[in-house]
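Dear colleague,

Please keep it in view while you go through the notes below.

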Amino acid sequence: MGDLSAQVLGLLFPNPFVLAAGPTTATAERVLEAFRAGWGGAVLQTVASGLPDGWPQGSQVIRSGAKRWGIVDFNTRSELTPRLMGQEIDRIRDSSPDRPLLVSIIADDRAEAWQGMVRELDAHGIDGFEVQAGWSNLVRGSRTGELGQDPEALARTLKWVKQATARLLVVKLSPNVADILPVARAAMEAGADGFTATSGLSALGGIDSDTLLPLPLRDPAHMVGSYRGPGLKPVALRWTASLAKKLGRPVFGCGGVAEWQDAAEFLALGASAVQVGAAVEWEGVGIIGRLTGGLQE
């Protein structure tokens, strides 16, 4: 059988399938279950700092009849504080000391919010951070666009993070741009070691046919979320190819990976590994056998 191991940013992944940040990586128990099943690595669910209690959260599954076409997320961050997430990291490391492990992070537009969180998490055995640049953050108390749409704001943020840690720094880029390369170059100049391509597409979760209110109904004031799932794949493939060809930095392909053939497409375009999110949430961590088996064949 073929060797599926992958060297990415100096880390050895037993295979190129990595759990994307999300509900599947919310706790040590879930991550360890995935590692036992055979996943190559994981990005822990996004830890937030400095964001208000009213910051919208939630998700909406997009369906056509019985078929699921994706998920529209509304900033679904971890419920854990950096201190509590650190305890989860310790539990993972006690059982799986060598499996690559990153943690996703987001904060508002203050150096202290980013650096305090990073220093707290850095004290534990993670390999690096994934900055979530595909969500809005808060600048001086008002809602703004995504961090990954503003090269200057992203570069400033990454410099703050680099001041607080010597660990690997991956940026999960936003696909909601005319050209991803200027943002990625600004991130490189600020210290990014690699990229994840991509976060979700700006999207509307749907309209309830009975009430004509936007979904999810519990928060109609915030209509626009972040779509991930099969429909994201063509966009993620495009940006993965651009980043790999033009910049030469390691890229995690991310968006619509549900079968081994999807992973093969990302790898053929220059991705070093792939991240899987929605497919695992729908089918469970056991799909890793299908993914690795197909890719080996």
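The notes that follow go from the whole protein to single residues.

Please bear in mind that this is a predicted model, in which local features need pLDDT of at least 70 and side-chain atom pairs count only at pLDDT 80 or more, while totals for chains, interfaces and linings use all residues. Residues are numbered from 1 along each chain as its sequence is written, and side-chain values use heavy atoms, with hydrogens and water left out.

**The protein as a whole**

The protein contains nine helices and 16 strands, where helices (H or I, at least four residues) and strands (E, at least two) are DSSP runs numbered from the N terminus. Along the principal axes, its C-alpha atoms fill a box of roughly 55 × 50 × 40 Å.

Of the 297 residues, 56% are buried; buried means under 20% relative accessible area, exposed means over 50%, and partly exposed lies in between, with a 1.4 Å probe and protein chains only. Among contacts (heavy atoms within 4.5 Å) with a separation of 6 or more, 69% come from residues 24 or more positions apart.

Arg228 has its place in strand E14, which covers residues 224-228. Is Arg228 buried or exposed? Arg228 counts as buried because its relative accessible area is 17%, and the cut-off for that word is under 20%. The side chain of Arg228 is joined to that of Glu281 by a polar contact of 2.8 Å, a term for a pair of N or O atoms within 3.5 Å, where within protein one must be able to donate a hydrogen and the other to accept it, and residues adjacent in sequence count only if both atoms are side-chain atoms. If neighbours within four places in sequence are left aside, the contacts of Arg228 include Pro23, Asp73 and Gly277.

Met117 belongs to helix H3, residues 111-122, and is buried because its relative accessibility is 2%. Apart from residues up to four places away in sequence, Met117 touches several others, among them Val47, Pro82 and Ile105. Ala107 is also touched by Met117, and the C-alpha atoms of these two residues, which are ten residues apart along the chain, are separated by 8.6 Å.

Val161 sits in helix H4, residues 151-164, and counts as buried because its relative accessibility is 0%. Beyond its neighbours within four places in sequence, Val161 is in contact with Trp114, Val118 and Leu169. Between the C-alpha atoms of Val161 and Phe129, which are 32 residues apart along the chain, the separation is 9.1 Å.

**Backbone details in the loops**

Ala197 and Thr198 are joined by a cis peptide bond, with omega at about 10°, and Thr198 lies in the loop between strand E12 (194-197) and strand E13 (201-204). Leu9, in the loop between strand E1 (6-8) and strand E2 (11-13), has phi near 55°, a positive value in a residue other than glycine. Leu212 likewise has a positive phi, near 60°, and is found in the loop between E13 and E14. Leu212 counts as exposed because its relative accessibility is 62%.
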